[in-house]
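Colleague: Before we discuss this model, could you display the sequence and structure?

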Amino acid sequence: MTEAEAAAELARLAGLIAQANLAYHQHDAPIMTDAAFDALLAENAALEAEFPDLIRADSPSRAGPGAPAASGFAKLRHGVPMLSLDNIFAPEGFAEFCASVRRFLRLAEDIPLVFVGEPKIDGLSVSLTYEDGVFQRGATRGDGLEGEDITANLRTLDDLPQMLKPPYPASIEIRGEVFMDKADFLAFLAEQTAAFEERERRRTAGEKAGEAIRIPVNPRNAAAGSLRQLNPEVTARRPLKLFAYAQGSSSEPVAATHWDYLERLRGWGFLVNPLSEVLPDENAAAGFQQRLGEQRAGLAYDIDGVVYKIDDLALQTRLGFVGRAPRWAVAWKFPAERATTILQDIQIQVGRTGALTPRAVMAPVNVGGVLVRHATLHNEDEISRLDARIGDTVVIQRAGDVIPQIVEVVLERRPPGTTPWQPPTVCPACGSHAVRPPDEVVRRCTGGLICPAQAVERLIHFVSRRAMDIEGLGQENIQRLYDETLVHTPADIFRLAPHAETLRGWEGWGGKSKTEAKKVTNLLAAIEARRRVPLERFLFALGIRRIGEQNAKLLARHYRSFAAWRAAMLEARVIGSDARLELGSIQGIGPAIATELTDFFDEPRNVEALDDLAREVTPDEAETGGLDGPLAGKTVVFTGSLANMSRDEAGAIAERLGAKVAKAVSGKTDFLVVGADAGSKAAKAAALGITVLDEDAFRAICGI
DNA sequence: ACTCCTCGAGTTCT
DNA sequence: CTCGAGGAGT
């Protein structure tokens, strides 16, 4: 291959991979299988190895230090999703977890459940890919499906083997935790604080100050910041450590139990947390939890709990997943850190759909290293349950998550003369009635279109990343454009261009610094770039209640074009009309969602605003999604473990070919695809006379 | 009628 | 990340 051919090929690959990433990332239908995607990456890597001079600035591998820094990090897909764990906080929770495992496996009481207990370090999960024993790339957890490519930074970690010690599988993904020791963190904190003060001194003295210094708030934050450095040399100077703890995808099985797998990790040259233990039965967990709890303060690093995993990998496979969490592992967290403070006020926020949510304003207090000022109170029931009153002393915690919550009120310290908090009867933003339907939890503003708070929230939703994705238009800018009466409806956004000079006159939008000067230009360009959008994004952006990403996708797939959808919705306002029946027949769209849509179209001002918008924006027709494919309209169920792909992956392929993927076999099922160790579903399918396919037959139907 | 499960909506802080 | 509600299946 000549240089010119290679350059062209690399350009083509970069384009394809970027496209595939985009399609996957935006939750649209992926345009290729994971295997095909990996093949493209491999091809790209091979070419780059052969023609190192031709490595592109936007190379999908982004492996070398020559990678450009400007736009942050490339996205990298995980071979197997990085999942989150269910959290428990007490022995009862663990008992319940074990019971559900036993129920699922139909395991008798006298057979012990063997677990591995591992300290849960408060750091950053990373995924590391090795090909033929050589470290290829690494990524952050990200949203679980894909993370950021931080290969260059990970290479600087002493604990990360650049090469595995043999024997190793041809290709393997390893999961690990990157963290900073408490002592290292304190030293780093002191260093950063000194640098910060030095910078302040220079700045006030009018000297050149240099780049801004960030002061980390906790070890986790410091580790995260260090790994996200654009310059790997900075990361190299940070005292980061790595423990390996799990497996992602692998070209071949490497162990029969999780414990053996940890041994393999050690053999390959990884550090594995030495505190991990095999627990011979479930009763050993509570003791382990307590021991670690006692050791916790003396450990070199922060841990926030213990992860318990079923040791037998075959059982893990059988147990599988619910939603985003495995059924074979839980995180047993130590009690959350708590703090007390004063509840100063209860504010009411108005959401996009008019939901009124109370929000606690408190005297700032440090909880687990973070200064907390606000907490959500969820709804008025929560407030009455707590009997929280303004002026009360309250206990707050940041539990397994990040979001602070009020746990309880310290009644002994309640000042005299307080009264129970009363929910508002009118919307604080527009004064319309605020009503709470019986049997519902949220109170809503009835102002709808006239409520300015809802209007602003709808606009923010409209431009948000998962909707129209207009870069440069965040909450603050929208609020300002709204207040200055330049933008009151979504369509107004697309009519901003004539006001460019007005915008440039605003403080912070004008011109002194270089970045400011381009702000308006960039914003207008970002807006222009969104005059064409996929139909599903357009529908989601409208912000109709109950029409989120998934339901928008269902509608887009079904009606295909904006015009067809619009016409159908207008007709569907008549109960019993063909259009209404058709709407209700869409899998996943029930009466509540249908009514929400027709209510929207019943309001003439909504239709006006919609048509106004449609004059500015062209929603692209949705892809056919295999409407005439072999699986079109069929309901498919997967069971057992498939050899060449995960069930999720197989499901995604089937959906792309127009199938509906269900969890359980029923009379409506058309095909059951069975893998190894299939359970009761296969028998049931046989009883119902449903076509049963093995993996090869399924692949043949899909043409792969 | 009851039980999963998925989806939508709202929220905090860096 | 959590909660509540809708939808689908038993």
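**Cavities and an open sheet**

Modeller: Two cavities of 30 Å³ or more are counted in this model. A cavity is a set of points on a 1 Å grid over the protein atoms alone where a 1.4 Å probe fits but cannot get out. The model is predicted, local features needing pLDDT of at least 70 and side-chain atom pairs pLDDT 80 or more, while totals for chains, interfaces and linings use all residues. Residues are numbered from 1 along each chain as its sequence is written, and side-chain values use heavy atoms, without hydrogens and water.

Colleague: How many nonpolar residues are in the lining of the second largest cavity?

Modeller: Lining residues have an atom within 4 Å of a point; among them are Trp421, Glu380 and Arg443. Ala, Val, Leu, Ile, Met, Phe, Trp, Tyr, Cys and Pro count as nonpolar, Asp, Glu, Lys and Arg as charged, and the others, Gly among them, as polar. Beside one polar and two charged residues, the nonpolar ones number eight.

Colleague: Which are the edge strands of the open sheet of four strands?

Modeller: Strands are DSSP runs (E, at least two residues) numbered from the N terminus, and two of them pair if DSSP finds at least two bridges between them. The order is β5-β4-β7-β8, with antiparallel pairing. Pairing on one side only marks the edge strands, β5 (134–140) and β8 (240–250).

Colleague: Which residue in β8 stands opposite Val178?

Modeller: Strand β7 covers residues 171–180 and pairs with β8 in the antiparallel sense over eight bridges. Opposite Val178, the residue in β8 is Leu242.

Definitions and conventions. Chains lettered and ligands numbered in written order. 1 Å grid on protein atoms, 1.4 Å probe; cavity = no way out; pocket = protein on both sides within 12 Å on 5 of 7 lines; lining within 4 Å. Points joined across faces, edges and corners; volume = space filled by probe spheres on them.
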